Amino acid sequence: MSSLRNDVRHGLGIARIELRRSLRKSFGTRKRQLTVLGVVALFTPLLIFWYRIAYSAGQQAAAQGTLPLDVLGIQVSLLVVVFIVMGALRVVQQGRPEGDALLLTATSPRAVLIGVTVHSTIQLVGFVMFPTLLFAGGFAFGSGMFSILPTAVLAVVPLFTAITVLGTIVGQLVVLGLLRSQTLRTVSQAFGLVLLLVLMALSYAAMAPVTGAAEPLAALSGLALPAIEYLTLAFFGTPLGPELDAGAIVVGAIVVASIPVLFAVANQLAPLLWFADATPTGLMQRDATTATGATPSLETTEQTGRSFPPRTQSRTLSVALGLWIRWMRIPTRFSPLFPLVIVIVTALFGAVSDPESLPVVVGGVLVFAGVYISGAIFGLNPMGEAGEMRTLEYLSATRLRTLLLGHLTAGLLAGIPIAVVGATVFAMSLGVSIPTAAILVTLAIVLAVASAGVGVGIGSVLPSRDSQRTYQGYEVATPSQWALVGYMFAVMLLVVIGAGGGVFALLPGSGSESLLRLLAPGVAGGVLAAVGYAGYRTAAGPFSEPPYPRTSSESQDAEV
């Protein structure tokens with residue numbers, strides 16, 4: 001008992017320190033504080049919109065005297081899956097806790113696990129509590145039943161505590177499987193991106209019932225029965241909630257009782273993960289090198305004869321293929337696709353109710369996806385992502401313009417084919433002539449090129465060098481929020497320009513109107529090309545600057 005008390009005390013101390021570090025990392029500098037304020041200001045209208053939806057739902061539920069718990073049950077079930085996967089990804093990315101060499105020798109693994117779990121739970125509950133208060137508060141004010149607010153808060157804490165521990169177990173099992181299976185390591189390189197996209201789509205699907213698009217999710221109502229029973233506890237004591245039955249009590253008891261049980265399982269798996277032997281795969285942090293920093297042997301470094309990046313006739317294409325290989329290894333680098341997934345899922349959910357418009361919507365969505373991808377993945381942080389290798393890039397024999405064109409080409413390798421397919425589907429669904437379809441396809445290609453140029457321009461002007469340790473020990477610097485928001489607005493503006501040219505191309509007529517059908521798309525294409533080239537020229541300036549500060553002698557030589 002004394003040992004458990006000491007572990008709890010040490011674990012709470014670790015959690016307190018980790019929480020301080022997290023807060024300092026988020027708000028420690030003026031730049032980060034301004035970034036948080038900018039994000040809050042940007043998303044405040046969206047929060048007000050969600051609050052009004054919850055308020056209207058409360059008024060409607062009060063007027064009808066019933067509450068659609070089946071819809072909320074689907075939403076809660078999807079959110080549970082989302083946060084379990086997110087918790088597992090956190091464990092997979094982190095591997096061992098930071099400072100493990102000191103922590104695991106200063107206290108017991110159980111104390112470290114308590115600290116990490118408490119810290120993760122506080123982060124998750126804090127993250128979930130704000131939208132819970134927003135929705136529950138709006139619903140309570142709309143229905144006039146203010147008891148919903150405290151019961152909803154009390155229901156969130158045990159549920160997401162259990163989710164945190166369960167996500168930890170899933171992550172531990174995944175990492176242990178990767179350490180022991182070459183097949184799983186090979187599959188994980190391609191599965192990571194798919195998992196990230198599915199997680200993003202699932203996150204939005206969890207919010208679909210709130211927006212009234214619950215019909216496509218009706219098939220999940222049977223799987224949501226446990227969540228529906230648990231929601232009965234959240235609405236206990238209100239006229240809207242059903243009577244408390246044995247099923248709700250059993251589900252609530254299972255959720256609360258699962259927390260110590262799941263923690264006991266995680267406590268057994270943690271030593272297997274944290275004290276795993278170093279492996280040649282480099283899966284765990286600090287496994288690739290020894291404690292003395294010795295260079296790997298020649299036998300290890302010459303396991304394969306493949307060159308990196310892959311050699312091709314075009315040096316630019318080689319750089320682009322190398323970027324794709326690096327990005328596929330770490331799915332976190334595809335995080336700029338998150339807004340795109342929201343747009344795609346929103347459009348598809350809206351088109352499901354009207355099957356006749358589905359081909360047109362699919363074509364338009366593919367065009368937008370190709371345009372967005374062209375500059376988002378590889379262009380929004382080309383210098384910050386390079387990190388310490390930026391100096392090597394600057395000093396290498398490869399021209400800096402080639403590296404910049406490599407980032408452009410890498411995005412266009414995926415963006416142009418997707419945009420062309422989308423424009424073709426869009427033209428075929430409208431039944432236009434072949435010349436008109438060719439104009440639309442050409443506009444889609446020019447749009448993708450312009451978006452790639454704008455992306456590298458914004459990413460070079462607003463670089464982000466705040467790297468984070470992720471899966472397999474890599475340090476990844478994701479694009480800054482300002483660059484991502486600016487790029488989203490820029491893409492929307494480019495799409496509006498391209499859509500204007502496409503509308504004129506679709507106009508019927510002959511004579512002078514036929515000339516307008518050709519002239520307007522040409523002008524739109526010229527404007528798009530000019531904007532893309534301007535973005536490229538903007539990026540060329542920061543790319544040509546040295547990554548290290550100049551000395552006084554170098555500055556004098558430059559002036560002479």
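Guide: Gladly! Keep in mind that this is a predicted model.

Visitor: How many residues does helix 5 have, and what distance does it reach from its first C-alpha to its last?

Guide: Helix 5 runs over residues 109-143. At 1.5 Å a residue, a reach of 51 Å is expected, and the model comes close to that. The helix has 35 residues and reaches 48 Å.

Visitor: Which residue just after helix 5 takes a positive phi?

Guide: Look just past the end of helix 5, where phi is about 75°. The residue with this positive phi is Gly144.

Visitor: Let us move to helix 6 and helix 9. Are they roughly parallel or oblique to each other?

Guide: Helix 6 covers residues 148-180 and helix 9 covers residues 246-274; their axes come within 9 Å and cross at roughly 25°. Angles under 35 degrees count as roughly parallel. Helix 6 and helix 9 are therefore roughly parallel.

Visitor: How many nonpolar, polar and charged residues does the contact of helix 6 with helix 9 have?

Guide: The crossing of these two helices is left-handed. Helix 6 brings residues including Leu159, Val165 and Leu173, while helix 9 brings residues including Val255, Phe263 and Leu273. By class, the contact has 21 nonpolar, 3 polar and no charged residues.

Visitor: What about helix 6 and helix 8: roughly parallel or oblique?

Guide: Helix 8 spans residues 225-234, and its axis comes within 8 Å of that of helix 6, crossing at roughly 135°. That angle makes helix 6 oblique to helix 8.

Visitor: Which residues of helix 8 make the contact with helix 6?

Guide: From helix 6, the partners are Ile148, Thr151, Ala152, Ala155, Pro158 and Leu159. The contact counts 8 nonpolar, 1 polar and no charged residues. On the helix 8 side, the residues are Tyr230, Leu233 and Ala234.

Visitor: Is the crossing of helix 13 and helix 17 left-handed or right-handed?

Guide: Helix 13 (residues 358-379) packs against helix 17 (residues 434-461) at about 25°, with the axes 8 Å apart. That makes the two helices roughly parallel. As helix 13 passes helix 17, the crossing is right-handed.

Visitor: One last stop: which residue has its C-alpha separated by 8.9 Å from that of Trp324?

Guide: Trp324 lies in helix 11 (residues 315-329). Leaving aside neighbours within four places in sequence, its contacts are Phe334, Phe378, Ala410, Leu413 and Ala414. The C-alpha 8.9 Å away belongs to a residue 87 residues apart along the chain, Gly411.

Key
Residues numbered from 1 in each chain as written. Predicted model: local features only at pLDDT ≥ 70, side-chain atom pairs only at ≥ 80, totals over all residues. Heavy atoms only, no water. Helix = DSSP H or I, 4+ residues; strand = E, 2+ residues; numbered from the N terminus. Expected span 1.5 Å × (residues − 1). Axes fitted to C-alpha atoms, helices over the stretch in contact; angles between N-to-C directions. Parallel < 35°, antiparallel > 145°, perpendicular 65-115°, else oblique. Left-handed = near helix turned anticlockwise from the far one by under 90°. Contact = heavy atoms within 4.5 Å. Nonpolar A, V, L, I, M, F, W, Y, C, P; charged D, E, K, R; others polar.
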